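Work through the exercises below with the structure open. Each task is followed by a solution in steps.

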Amino acid sequence: MKDVSIVLSGEAGQGIQTVEHVLTRILKNSGFHVFATKEYMSRVRGGNNTTEIRVSSERVRAFVDRIDILVPLGKGATERLKKRITEKTLIVGEGEFIGEEKGEKIVVPFLEIAKQVGNRIYANSVAIGFLSGLLGAERSAIEEQITRQFREKGENVVRDNIRAAMEGYRRGQEFSEKVGFDVEKDPSIKDEVLLNGAEAVGLGAIAGGCNFVSSYPMSPSTSVLVFLALHKNDFGIVVEQAEDEISAMNMIVGAWYAGARGLVTTSGGGFALMEEALSLAGMIESPAVIHLAQRPGPATGLPTRTEQADLNLALYAGHGEFPRVIYAPGNIEEAFYLTQRAFNMADRYQVPVFILTDQYLVDSFYNLPGFNLNELKVEKYTVKTSKDYIRYAINEDGISPRGVPGYGEGLVRVDSDEHDEFGHITEDFDIRVRMVDKRLRKGETLKKDTIKPKLIGDENYRVLLVAWGSTLEPIKEAIEGMSGVALLHFSQVWPIDDSVVEHLERAEKVVAIEGNATGQFANLIRQVTGFHIKDRILKYSGLQFSVEELKKKILEVM
Amino acid sequence: MRLDEYISKDIAWCPGCGNFGIRTALMKALEELNVDPRKVVIVSGIGQAAKMPQYVGVHMFNGLHGRALPVATAIKTANPNLLVIAESGDGCMYGEGGNHFIHTIRRNPDIVNIVHDNQVYGLTKGQASPTSLKGFRTPVQVDGVILEPFNPIAVAIALDASFVARTFIGDVEFTKEILKEAMKHKGYALVDILQPCVTFNKLNTYEWYRENTYYLKDHDPTDRELAFKRAIETEKLPLGIFYINKNKETFEELSRKGDKTPLYEYKVNFEKLKELIESKKS
């Protein structure tokens, strides 16, 4: 088998995330491609959380239902996975946790081994070692990673954890031949980085010149706030945890007004509170960058799960009419480059720019070669004002030069009321019309920077799948080798590039695939182009599509 | 550049409104401190008081109802070289923006917070405000206000705001002097200005304020307990500087570790970014 899917399952607080973190790095540094994604409950302790780690000879970036190795780390840990456990699943762990599931079982007394080494708390290291041994990871990679993980806890802890891992490793090796996994190593993978979507958004923000972040913590968007806070001192970024989302969004609008590059990171419920200030940004023509990590709603919904149901929210948020840009990165690379781009676009067109991700994307990670920083530029469009500076000068492209207070001789006067060119409050009906027209003209101008959708798969397609955001990689894997099928993937969902029509018209059948219950993007396409996508594969359970599920459903509609 | 240049000439306030006096006091304070208008930003919310920046020739951010303080905080942080004034009415600052009022005091940005406190909602035509007195009858509070009024001075002192003052616009000169002190003060400075609403508040008139206020004399503003005692007086409302705490660091100093460079001059350190990405190899 060239691609192994490992699922770790246990209670919150048991250290699954540590196992995931350490094990994926050991495997990557041993020369394997890795992908990991998690789903977890909205609680601090207990419950049942799972992490899937795929280990492969080739790049792997999607969630699969198949479980090759299941590691239950507690009682009842297999309960929610019953449907995914087959005769082929190898279940590894304590005798009492393995239970009565089908599948081949290997009893490994992680706790017992840990106790022998010194302390039961080393059980996770035994598991890490066992899986590393089973897959044939490098010993040096294990030592290095465990050292890194426990360094701060002192030499003894490091030493004991390594001993625990090595004991696990030895046992894993014993089984490896019997099991016969055949994932080939490629030493060059060691030089690659391992990132999750949240880190990619955070890095993209830094690369985009972000220097002001204010947010209110909300799953699953908080990890971006945490990432930027962790690195704020290295990059001189102001990071503020605001009293509420209302304050957070007003703060970044104020920050942009004074010449900073502000970001909020939030989720649907948090963004609902930011709508008011989004509308403010629309009126005063302020740039704003909003990372909205989607989770299922309405209201509190499923706080820690995934969905793609906030497209309409981002699209229509804020009262009144004003232009905006919405990016929906499909994978970690896109999360980085689009976030970087968002800051330049916001600055250039003086509009709010969204990065619409979801829990699946921000919490998943895989190895990648890194990013090409050489071609990235922080484009600044603010002007030095002259004495007679006019903030809302009416012009052809709708983009009035934007000054900032203190830079130049002019005064920068902005108003949430309808205003004249000077920014002064007005109730003149003619000026109102001219200002609305100016703002909407800007919306037309920014269309020239729209990212075209990508066509992936059979160029001579009969069936065209239309998708956006984080379903990119699962669909790509699902249609691998299928002839007559292509995916048209949108990483910018507003405005939509005009080229979409020709793609749609060339197909015999068009199928929308979305992580929501109503097909919001398909509806948007109909609204913009008049093209009605009847066939829709929709999922809204709170989980991402698995590759198998997609394959089956795509074959069904074909 | 002068403060009365480059402004909206059509002033939307009622004749006799206290806002005119506040405008005079504000402009005189800026002039006497010799502040360059190009270094001043007035941030306001919504309401008649919030129209102030329309009529003063400085940088203006007329934002949303209740939201002046987060915006002002961010502006000051993004460019600590600016003099930032957040100005609005009692409904905007204490009602809609109550949460921001509390948390701005906690943050202590070096801004001046001017509140036009006329104890009524003017622009929406005469409903009670958070500071309206108990029993005050309005078209909405038909039986009279049933709640105790919000006491901004006591709340600010309780939160250890770094500068807390109250004035009455019947005395423009006094208000101007207090505003000057607030502008010179480093840290968050609240100036609650009692002002009549000549159209909708027939209770708290110029005369009422004259009769129901007195000037703080021989008051030590560094004594917080004393300040609090004065703040909860309701028989007659004291005017003056209640409290000053000079020992507080400002939000922008703390959040930027003393760096005052305007953030518009910021450059990304791509070398460090490269290192950070590299660090993700293990």
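A salt bridge here is a side-chain nitrogen of Lys or Arg within 4 Å of a carboxyl oxygen of Asp or Glu. The model is predicted.

**Exercise 1.** Decide whether Arg38(B) and Glu409(A) form a salt bridge.

Solution. The closest N and O atoms of Arg38(B) and Glu409(A) are 2.5 Å apart. The cut-off is 4 Å, and the pair counts as a salt bridge. Across the interface of chain B and chain A the rule finds five salt bridges.

**Exercise 2.** Describe the extent of the interface between chain B and chain A.

Solution. Then take the area: the two chains bury about 5,400 Å² between them. Of this area, 62% is on carbon and sulfur atoms.

**Exercise 3.** Classify the packing of helix H9 (residues 245-257) of chain A against helix H2 (residues 68-78) of chain B.

Solution. The two axes come within 7 Å and cross at roughly 40 degrees. Angles under 35 degrees would count as roughly parallel, and 65 to 115 as roughly perpendicular; H9(A) and H2(B) are therefore oblique to each other. The crossing is right-handed. Residues of H9(A) in the contact include Met251(A) and Tyr257(A), and those of H2(B) include Val71(B) and Ile75(B). The contact residues comprise eight nonpolar, three polar and no charged.

**Exercise 4.** Locate the cis peptide bond between Ser219(A) and Pro220(A).

Solution. Omega for this bond is about 0 degrees. Pro220(A) sits in the loop between strand S8 (212-215) and helix H8 (222-235) of chain A.

Note on methods:
Residues numbered from 1 in each chain as written. Chains lettered and ligands numbered in written order. Predicted model: local features only at pLDDT ≥ 70, side-chain atom pairs only at ≥ 80, totals over all residues. Heavy atoms only, no water. Axes fitted to C-alpha atoms, helices over the stretch in contact; angles between N-to-C directions. Helix = DSSP H or I, 4+ residues; strand = E, 2+ residues; numbered from the N terminus. Parallel < 35°, antiparallel > 145°, perpendicular 65-115°, else oblique. Left-handed = near helix turned anticlockwise from the far one by under 90°. Contact = heavy atoms within 4.5 Å. Nonpolar A, V, L, I, M, F, W, Y, C, P; charged D, E, K, R; others polar. Buried area = accessible area lost by both parts, 1.4 Å probe.
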